[in-house]
Amino acid sequence: MTESTPATERTALVSGASRGIGRAVAVALGAAGHPVACGYASDATAAEETAALVTAAGGAARAVHLDVRSAESVDAAFADVEGSLGAVTVLVNNAGVTQDGLLARMSDDQWDTVLDTNLGGAFHTIRRAAPKMMKARFGRIVNISSVSGHIGAPGQANYSAAKAGLLGLSRAVARELAPRNVTCNVVAPGPIVTAMTDAMPDEWRAAMTGTVPLGRLGTPEEVAAVVAFLCSEGAAYVTGALVPVDGGLGMGH
Ligand code: NAP
């Protein structure tokens, strides 16, 4: 890979690619021409299915175990991808969990799990990816935040804090790595139809739909299209940006 290698041929790693938004992102990046490493924490079979979807569309892909909470797991996953698909210069931090609860009853464990996964995980992967991106004089990092991180959500103090933290992390990284042509941006989805929202009560989904100006939940593919753009050549001059994909829910925050 040289500086002149088209952005679309750069090796991508997507955390949490076993389902939902991560799967759609992996497929969109594969369709754009990237070799794609599909990260999973617990569901190897589902990540293999994602990789199969990418390869069926003509791309190169492999499933890779990647628990973003563990720096050791992150290091092992990157080493695996470097040895098979090449150095990771496109990184999508999509892995995320919720453990909702009202603040007064939120346990330390609920707080730590959500912060460690959603925010600490991105720190681990970016720290591991940055040296190779700087050496390549090319990098695209996209961190998946949430509208909850920017307008707040009751019962989600941990999740909102982690997702807001991703913005600060991303902007520090954007400034630090800009001299090496590495961009770092944030995509903030609103309510999207995935396992995460399927787990919410029906009343929540109905109430949420009512607050979205476009009047519906979004799809993983609608988030993936924006992520793929931010990883493309066309987004070369976009860094430190927060791009909502939320049907107007946050009105740009
Ligand atoms: P999802 O269907 O619940 O999938 C979560 C993914 O994260 C799974 O692939 C899971 O892997 C992975 N994961 C969980 N813990 C992990 C860990 N410690 N290390 C690595 N991977 C881990 O989620 P989703 O709805 O597609 O959401 C994807 C991202 O978008 C999340 O960051 C979420 O916060 C954000 N988001 C979602 C919505 C929404 O409405 N769905 C809205 C705003 C933002 P395994 O299956 O292998 O365990």
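**Close-up 1. Asn143 and its surroundings.** A polar contact of 2.8 Å links the side chains of Asn143 and Asn93, a polar contact being a pair of N or O atoms within 3.5 Å of which, within protein, one must be able to donate a hydrogen and the other to accept it, with residues adjacent in sequence counting only if both atoms are side-chain atoms. The model is predicted, so local features need pLDDT of at least 70 and side-chain atom pairs count only at pLDDT 80 or more, while totals for chains, interfaces and linings use all residues. Residues are numbered from 1 along each chain as its sequence is written, and side-chain values use heavy atoms, with hydrogens and water left out. Asn143 is buried, with a relative accessible area of 0% (buried means under 20%, exposed over 50% and partly exposed in between, with a 1.4 Å probe and protein chains only). Residues up to four places away in sequence aside, Asn143 touches several others, including Ala122, Leu166 and Cys184 (contact means heavy atoms within 4.5 Å).

**Close-up 2. The contact of α1 with α9.** Gly20, Ile21, Ala24, Val25, Ala28 and Leu29 in α1 meet Pro220, Glu221, Val223, Ala224, Val227 and Ala228 in α9. These residues divide into ten nonpolar, one polar and one charged, where Ala, Val, Leu, Ile, Met, Phe, Trp, Tyr, Cys and Pro count as nonpolar, Asp, Glu, Lys and Arg as charged, and the others, Gly among them, as polar.

**Close-up 3. Asp67 and its contacts.** At 29% relative accessibility, Asp67 counts as partly exposed. Leaving out residues up to four places away in sequence, Asp67 touches Tyr40, Ser73 and Val74.

Technical notes:
Helix = DSSP H or I, 4+ residues; strand = E, 2+ residues; numbered from the N terminus.
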